[in-house]
Amino acid sequence: MAASSVAASELLQNMNKHISILYPKASYVIRRISTSRQRSDSQPQLRVKSAPKQLVGVVGLEVHAQINSNTKLFSGSSVRFSAPPNSLVSPFDASLPGTLPVLNTRCVKAAVMTALALNCTINRTSLFDRKHYFYADLPAGYQITQQRRPIAVDGFLDYSFLGGKKRNQVFKRTVSIKQIQLEQDSGKSLHDDLRSQTLIDLNRAGVGLMELVMEPDMSCGEEAAAAVGELQLILQTLGTCQANMSEGQLRVDANVSVHEPGEPLGIRTEVKNINSIRYLAKAIDYEIQRQIAVLQRGGTVQSQTRAFDSKSGETVPMRDKEGLQDYRFMPEPNLPPLIVYEDNASLPAGIDARQVVVVQEIREALPEMPAVKRERLVQTYGLLPEHSLTLVNEDGLVEYFEEVLKATNKEPRKVIGWVTNELVGQLKQQDMSVSQSPIAPSALAELLELQETGHISSSAARRVFQEMWRSPGKTALQIIQEQDLGLVSDTAQLHNICQEVLDSHPDEVNAIRGGNKKVLNKLMGLVQRETKGRADPVLVRKIIQEKTS
């Protein structure tokens, strides 16, 4: 009995010694030995007695971008959103016996173009693999992807976002791109709760995807959302993906863990199929706080696949996380290695250049990237970085802004306020795109030119803008004439109005004479109210200063 007690004591000492080596900053006490598997986050095996650790989030992303192509990755079936169910399915898409994949060259070119824009290394030879898993909407029981050797590796994405107390500071970050791989999409399961059945639509089965794997270089939802927003802009600029998240053209899986800075990364969970940038930020931030709460109460984060419930704002468990061994990867026997060529000089003799992918040709055709466009706007027009960020982040807004500048003599820094505040404010309020604006760039330029030449005041110009928005057929000049909004510049008339305002506000007049010049703005505002915003502000200021001196 004594011997067994000594043995047990030595066992506990060795266990505590081993734990102190692994976790030198915490003190642990072995409570009990249990053979049951602990599944709940709320059932810790060890009790932490040290002070709470400062835990931070770590975020990596897997982005599935639907390639902008007329046909699928390995078949000639058309790609079209909202087509009748199972109307765009070839024998290969349905995995009928005897059918073989034929690679779509357009999809390969799109992947290479995207990889170049993201500073990746293009693998001249890449391979296709089968990734096995069973879903009802995956007819073959496997997905053709690129596991061993993807088409591109080792890139990076620079992105920026607005932060600070006033949301007007530009923060710049970089996330590494581990790889970009080509793969086919699965079909779609349609769940009918009323009839307790699931229907399968294979229209999406076999659609070409680019999977972009981002390293865990981000720390919160805001950074991840900004990175995906920048990627979305790049894809749309390239034309390789329309990136409409509401139509499933861009879907994001977020890998989230927490750890103490300087320590190894923690156990990660995967939040699957997030189809909104706003939901992406919310899902990641919630998951970070959930994991921190689990660890702080002594629990263990489970390696899970989770989903984001947009109604509750929470992530919910779906299943245990699969490992690589669960997918039983194997080489795809029906597809040869994918070879791309650096330039025409490297093409084998007798090969048709139209049937292959040449990297140099794609590189030379790359359009201006969003980051380059922002820098050009700052350098060319003297804009603030936050203004260039707003312009580029709204599709079509840069072109709108530059069209306005061509038709007016107003300084770019004055035009930018109208575009980013008045125009964008109205567009967001009514959930409209720039292309849907009822005020054309030329119409806004006419209004700004009337203000610049002294025909209307700035307040009257805003009233005209609102009326132009409500009545697209009317010009700024027509509205000014109909509503009598022209600038009052008659000196005698303004003298009389200013005098009436001063006579009715003696306290403010005495304050100005006592040295409080800020009160002058209040009196100017009262004059503008009397004239319905039509008084020349320069002239009004001059008159009031003369009368109160």
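Two strands count as paired if DSSP finds at least two bridges between them. With that in hand, here's a walk through this structure, which is a predicted model.

**A three-stranded sheet**

Start with an open sheet of 3 strands, in the order S7-S6-S17, where the pairing is antiparallel. Its edges are strand S7 (142-145) and strand S17 (330-331), each of which pairs on one side only. Strand S6 (residues 129-132) is joined to S7 by 4 bridges, and the two run antiparallel. To find your way around that pair, look for His132, which stands opposite Tyr142 in S7.

**Strand S3 and its partners**

Now move to strand S3 (residues 56-66). How many of its 11 residues are buried? The count is 10, so the strand is mostly covered; buried here means under 20% relative accessible area. S3 pairs with strand S13 (residues 250-259) through 10 bridges, running antiparallel. S3 also pairs with strand S12 (residues 208-218), again in the antiparallel sense, over 7 bridges. As a general point, strands of a sheet pair through backbone hydrogen bonds, either parallel or antiparallel.

| Strand pair | Bridges | Residues standing opposite |
|---|---|---|
| S3 and S13 | 10 bridges, antiparallel | Val56 and His259 |
| S3 and S12 | 7 bridges, antiparallel | Glu62 and Val213 |
| S6 and S7 | 4 bridges, antiparallel | His132 and Tyr142 |

The crossing of H15 and H16 is left-handed. Which residues of H15 and H16 meet? On the H15 side they are Glu508, Ala511 and Ile512, and on the H16 side Val519, Leu520, Lys522 and Leu523. By type, the residues of this contact split into 5 nonpolar and 2 charged, with no polar ones.

Key:
Residues are numbered from 1 along each chain as its sequence is written. This is a predicted model: local features need pLDDT of at least 70, side-chain atom pairs count only at pLDDT 80 or more; totals for chains, interfaces and linings use all residues. Side-chain values use heavy atoms; hydrogens and water are left out. A crossing is left-handed if the near helix is turned anticlockwise from the far one by less than a right angle, and right-handed if clockwise. Contact means heavy atoms within 4.5 Å. Ala, Val, Leu, Ile, Met, Phe, Trp, Tyr, Cys and Pro count as nonpolar, Asp, Glu, Lys and Arg as charged, and the others, Gly among them, as polar. Buried means under 20% relative accessible area, exposed over 50%, partly exposed in between (1.4 Å probe, protein chains only).
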